[in-house]
Amino acid sequence: MAQQGYWVVCEELYAGKNKQNPQKTQEPSMCMGYVEGFSAVEAMGGSRMEVLAVIRRKLRNNIRFLLDCYCDIPPPSYSDNPPTTNNVANAAYLFLGLEEIGVEPELLLTSMAA
């Protein structure tokens, strides 16, 4: 069964080329992540896990703030319906379910219906 939540775009950033062995794949030096539709939900870190932890916290706080202000919240997506890729190099889409963020789906449904 599909879950409701938001898709996180995680883009791995590389710092320069491997001068000693140009054919060898270099490890990413940073990871940047964001959630489309939320302007205050973006993060940078040393790994995807670190970025996801920061984004999870920021997304929860941003949704609560928007609910408190009676502002529009971007509707959640479903886990079995990934967004179309926008051809960003070294990017991956990762799904954060509403329960994982700490938001109850009924709370969003009632706020979007009002």
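Biologist: Which residues does Gln-4 touch, not counting residues up to four places away in sequence?

Modeller: Keep in mind that this is a predicted model. In it, Gln-4 touches Pro-76, Ser-77, Tyr-78, Phe-95, Gly-97, Leu-98 and Pro-105, leaving out residues up to four places away in sequence.

Biologist: And is Gln-4 buried or exposed?

Modeller: Gln-4 is buried, because its relative accessible area is 18% and the cut-off for buried is under 20%. Gln-4 is found in strand E1. Its side chain also has a polar contact of 3.2 Å with the side chain of Tyr-78.

Biologist: OK, strands then. How many bridges join E1 to E2?

Modeller: Six, and the two strands run antiparallel. E1 covers residues 4-13, while E2 covers residues 30-35. As an example of a bridge, Val-8 has Val-35 in E2 as its partner.

Biologist: What about E2 and E3, how many bridges there?

Modeller: Four bridges, again in the antiparallel sense, with E3 made of residues 42-45. Cys-31 stands opposite Gly-45 in E3. The E2 and E3 hairpin has six residues between the strands, and Gly-37 takes a positive phi near 100° in that hairpin.

Biologist: Which residues are on the covered face of E2?

Modeller: Cys-31, Gly-33 and Val-35. The uncovered face has Met-30, Met-32 and Tyr-34.

Biologist: Switching topic: how many aromatic pairs does a search of the whole structure find?

Modeller: Two aromatic pairs turn up. One of them is Tyr-6 with Phe-38, an edge-to-face pair with 5.1 Å centre to centre and 90° between the planes.

Biologist: What does that pair tie together?

Modeller: Tyr-6 is in strand E1 and Phe-38 is in the loop between E2 and E3, so the pair ties together parts that are 32 residues apart in sequence. Tyr-6 and Phe-38 are both buried.

Biologist: Now the helix. What span should H1 have, and what do the end C-alpha atoms give?

Modeller: H1 has 21 residues, and at 1.5 Å a residue it should span 30 Å. The end C-alpha atoms are 30 Å apart, so that agrees.

Biologist: Which residues of H1 are buried?

Modeller: The buried ones are Val-51, Leu-52, Ile-55, Leu-59, Asn-62, Ile-63, Leu-66 and Leu-67. Looking down the axis of H1, these buried residues fall within an arc of 125°, so they line one face of the helix.

Biologist: Why would residues three or four places apart point the same way?

Modeller: Because an α-helix has 3.6 residues a turn.

Biologist: And which residues are exposed on the other side of H1?

Modeller: Phe-65 and Asp-68 are exposed there. Just after H1, Tyr-70 takes a positive phi of about 55°.

Biologist: Where is Arg-64?

Modeller: Arg-64 is in helix H1, which is residues 48-68. Arg-64 is partly exposed, with a relative accessible area of 42%. In sequence, Arg-64 and Leu-108 are 44 residues apart, but in space they are 10.0 Å apart, C-alpha to C-alpha.

Biologist: Last one: what does the side chain of Glu-12 make a polar contact with?

Modeller: With the side chain of Arg-48, at 3.5 Å. Glu-12 is found in strand E1. Glu-12 and Gly-46 are 34 residues apart in sequence, yet 9.4 Å apart in space, C-alpha to C-alpha.

Definitions and conventions
Residues numbered from 1 in each chain as written. Predicted model: local features only at pLDDT ≥ 70, side-chain atom pairs only at ≥ 80, totals over all residues. Heavy atoms only, no water. Buried < 20%, exposed > 50% of the residue type's maximum accessible area, 1.4 Å probe, protein only. Pairing = 2+ DSSP bridges. Polar contact = N/O pair within 3.5 Å; in protein donor to acceptor, adjacent residues only side chain to side chain. Contact = heavy atoms within 4.5 Å. Phe/Tyr/Trp six-rings, centres within 6.5 Å; stacked < 30°, edge-to-face > 60°. Expected span 1.5 Å × (residues − 1). Arc of directions from axis to C-beta.
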